Each structure stands twice: as structure tokens, then as C-alpha cells.
Amino acid sequence: MKPIPYGKQEITASDIQAVTSVLTSDYLTQGPNIKAFEDAFAAYIGARYAVAVSNGTAALHLAAMAVDVKPGDKVITTPITFAASANCVRYCGGEVVFADIDPNTYLLDINKVRALLEQHPQNTFKGIIPVDFAGYPVDMEAFRKLADEYGLWIIEDACHAPGAWFTDSKGVKQIAGNGVYADLAIYSFHPVKHIAAGEGGMITTNDEKLYKKLLTLRTHGITRNQDDFSNTLAVAAGIPGLETGAFPGWYMEMQDLGFNYRLTDFQAALGLSQLQRADEGLARRIAIARAYDEAFQHNSNVEIQQLQLKSRGFEHAYHLYVIKVADRLGLYNYLRENNIYAQVHYFPTHLMPYYREQGWNPGDFPLAEAYYGQCLSLPMYPALTTAEQQFVIDKINQFLISR
Ligand SMILES: *Cc1c(COP(=O)(O)O)cnc(C)c1O
């Protein structure tokens, strides 16, 4: 049997066709596929605006810049996430403050965040970065309510959750990242994520001002749009070439210190092509999750994610299917011997040497650390066959019985 990874992309003939047709077109970067991908993605998520960038980390960085994270600003996030969710705050000189997870959902615990806010003077914190961990949507309505009490912004790290949704208290279906509750949401198109573009990222928002800021930050802080120019023609009159009384065609302004975080047009074409199959892929992920649920929900040696939004309606996007077992290292090694490459998500960010240097220590977040001690992400991707999944389940059961 072929090696079975925890996650993997799927590339079809139409994906290849989409990419190769860009290679022979006039634009390799910032061509028509960028806007087409942004528009289609915004429509898929139900957000007003989307900005494509070079990767999910760049999306987080620009999002942090757009909400104006400044040196010393304190921002709250979860220790159980990819490091980039926290790092974006550090890129802007801000300070990361972690809060512990809910031991049932493995997501940032809103009660821990509330306690943190209550323990400090008003205006201590500037924002929250909740993560739709594993693909389970954060109850963003509750986070928005809390954030509003303290005047905080919210950046939703939705990298695991394109297509996930929850039902709010008014009975309205809210797709993760649709901009109704969070100010900004970000996604990644790394090959293990739902939509693969090689590398790539997206930021969604309903806020036009943030949207415009993101567009210029993505490309060096430069604008070519006359309506947005800061220099008036009167100011510009002393500048050679601008004395004609009109801005010449070449004129542009760098108004902010931005970056080159552009996505190439052929990556956008791949992302757009993959997006056409997003619903299919999500349905397959959910079917795989149901089969794992079936196999493990009554097994007392295995703990699965408890989905507390159950009483309302919701959809989990299943970037990951996480189980907790007592002998995680034993199971991990046993599966590897059988060509199954399960993975651990995540080593708690506060225990990374970089964050240890910022003052965080073992014991700071007991629930996150206990979770990390037992978690294992099982193979989860649309191309995983039923036979392969059964093989994975059988091997796990064999291991657990042998203990
Ligand atoms: C993948 C991921 C990122 C970063 O995305 P890249 O495209 O790899 O830079 C950020 N946050 C989370 C939760 C992720 O899973």
C-alpha cells in the first residue's frame, strides 16, 4: 500500500489546464485570474471583499497591519495553532498573550479570554485572533460581543475552515470568515489545506476601508488610483513632470510601508480551479469524519473533538480529524511502521523556544499542554479512499487492543 499522509492535495486535469493556459497568456502575475479568484472566493465565503496574497502567513501579517497593530500592543490568541497565528503580532512589534483552550473543542476558550480581559485594566488589549482549529468554526458571535465590550478587533484565522459555518442566536447561518462578526479573516492555500495553490493566501472582510488598505499593503503600499492620491496637483506642481496640471499615466504613490505579498496569476488560476470542487471536497471530508466518528466514538481508549455547537446547526470543515490517546507516541510510531503518517497539531506555540524567550513557561496553559500530550491528526483528505481509511482504522484498533 502507498504511504498514507495526514493531508494531501488533489490535482485534476482541469487544474493543470487552468495553470498551463496562464503560462502562455500575457500575465504571469496580477493578471485577470487574481480578481476572478478573489471574487469567486468572496462569493463562496459570503464576504463582501477578498484580497489574494502569497501565503496564509502574509495574510496574517497584512491583516495585523490593517488593524494597525503597533509596538507594545497586546493581542490574545490560542497556543494550539500554527505559530503564524501568533507571529503576525510580533511582525508588527506587538505582544502575544495566550489564553488556554476549551478541553472539549480544543479551541480558544472564550471564558479564559473573558477572565483575562476582566483581570486587566480596560484598554490593556487591542485584539483577539481566534482560530477555527481543525475546521470547527469559532462561535464568532460570542467573541464579537465580548470584543465589543472591550473595544477589540478580531482577526479570524480560518485556515482550517473554508466552508465551515455555524448558526448564530438569530438562527442565521454564518460561514466562517464571512465578515459579519470578525473584522478580517484569513486563509491559506498550502497543499495540505482545502484549496491548494502551491502557496497562497486570502483575506476576507466586509469593511471597505480595510479592503483598500490591504490592496495597497500587498503591493509595497503603492497606489495607482488617482482618487486615492495624497499629493494634490498643487503640491505636485513643484515636481518635474507634474507641472502639466494632470497626473501623468506613470504617476503612483507609495503611501504606506507595504510588502510584495502578491500571488502569481497561475497560482490564482489553480486556486480558482480548485475552488470549483470545494463543496465536493468538503462533503468527502465530512464523510471521512463520520466514518472515524463511527469507529471511535464508543471506544473508551480514544477521545474525539466534542462539538458543542451541536444544539444549533453548524458544519465542521475537517482540515484535521484529531483523536486523543494515552500512548500517542506508541500509536504514532506503530502507524508509521504501517506506512501511515499521522501528525501532531500542534506543539503549543507558547512552548516554542522563541516564545519561551518572551517569558512563557510549561504549566502556563495546562489544558493546551495536556491536549498536546495526547493528540494525533489522522489521515484526512478528499482523495483518501474508503479502503485506505479502513486500513487506518484497523491499524489503530489493532494497536489499542495490543496495549
Ligand atoms: C497553514 C496555516 C497558516 C499559515 O499559512 P501558510 O500559507 O502556510 O503561510 C496559518 N494559520 C493556520 C492555523 C494554518 O493552518
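Trainee: How far is the sulfur of cysteine 88 from the closest cysteine sulfur?
Mentor: In this predicted model, the distance is 7.1 Å, and the partner is cysteine 92. That is too far for a bond, because a disulfide requires the two sulfur atoms to lie within 2.5 Å.

Trainee: And which cysteine sulfur is closest to that of cysteine 92?
Mentor: The sulfur of cysteine 88, again at 7.1 Å.

Trainee: How many disulfides does the structure hold, then?
Mentor: The structure holds 0 disulfides.

Trainee: Is cysteine 88 buried or exposed?
Mentor: Cysteine 88 is buried, with a relative accessibility of 0%. Cysteine 92 also counts as buried, at 12%.

Trainee: Changing topic: where is alanine 83?
Mentor: Alanine 83 lies in the loop between strand S3 (74-77) and helix H4 (84-91). Its relative accessible area is 22%, so alanine 83 is partly exposed.

Trainee: What separates the C-alpha atoms of alanine 83 and leucine 108?
Mentor: They are 14 Å apart, while the two residues are 25 residues apart along the chain.

Trainee: Now the sheet of 3 strands. What is the strand order?
Mentor: The order is S8-S7-S14; the sheet is open and its pairing is antiparallel. Strand S8 (173-175) and strand S14 (314-315) are at the edges. Each has a single partner strand, so one side of each is left without a neighbour in the sheet.

Trainee: How many bridges join S7 to S14?
Mentor: Strand S7 (residues 165-167) is joined to S14 by 2 bridges, and the two strands run antiparallel.

Trainee: Which residue in S14 is the bridge partner of phenylalanine 166?
Mentor: The partner is phenylalanine 314.

Methods. Residues are numbered from 1 along each chain as its sequence is written. This is a predicted model: local features need pLDDT of at least 70, side-chain atom pairs count only at pLDDT 80 or more; totals for chains, interfaces and linings use all residues. Side-chain values use heavy atoms; hydrogens and water are left out. Buried means under 20% relative accessible area, exposed over 50%, partly exposed in between (1.4 Å probe, protein chains only). Two strands pair if DSSP finds at least two bridges between them. Helices (H or I, at least four residues) and strands (E, at least two) are DSSP runs, numbered from the N terminus.
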